[in-house]
Amino acid sequence: MALNGVKVLEFAGLAPGPFCGMILSDFGADVVRVDRPQAASIINDDALSRGKRSIALDLKQQEAKNIIYKLIEKVNNECICIRRVELIRAILNNFLGILFV
């Protein structure tokens, strides 16, 4: 596959981000999707989660932030598409460049 070895961290949200993650996964990228805990129950019904691994995290909790920091150290790219980008920006403040879709 063209993207074997590429690791992507996707912050789930509106359709463009998850769609981008699905396409990257289709081409061989290892995509980890970060969902909100309340959305985790509907993930299995989401067609855009094809080929992805997922984790549900409450990004307001320090432990969840620490998990995100560890995940970011292991990925090549991030794909963020949510309405409240301020929360993600606060968590990742000055950590690294981010692709906002």
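Predicted model: local features only at pLDDT ≥ 70, side-chain atom pairs only at ≥ 80, totals over all residues.
Local features need pLDDT of at least 70, side-chain atom pairs count only at pLDDT 80 or more, and totals for chains, interfaces and linings use all residues. Residues are numbered from 1 along each chain as its sequence is written, and side-chain values use heavy atoms, leaving out hydrogens and water.

Start inside. The largest nonpolar core has 10 residues, among them Leu9, Val32, Leu57 and Ile68. Such a core is a set of buried Ala, Val, Leu, Ile, Met, Phe, Trp, Tyr and Cys residues joined through side-chain atoms within 4.5 Å. Buried means under 20% relative accessible area, exposed over 50%, and partly exposed in between (1.4 Å probe, protein chains only). β1 (7-11), β2 (30-35) and α2 (62-74) each supply at least two residues of this core. α2 gives the largest share, three residues. Helices (H or I, at least four residues) and strands (E, at least two) are DSSP runs, numbered from the N terminus.

Now follow the strands. In β1, four of five residues are buried. β1 and β2 run parallel, joined by five bridges; strands pair if DSSP finds at least two bridges between them. Lys7 has Asp30 of β2 as its bridge partner.

Asp35 also sits in β2. Asp35 is buried, because its relative accessible area is 4%.

Phe19 lies in helix α1 (residues 16-26). Phe19 has 43% relative accessibility, so Phe19 counts as partly exposed.
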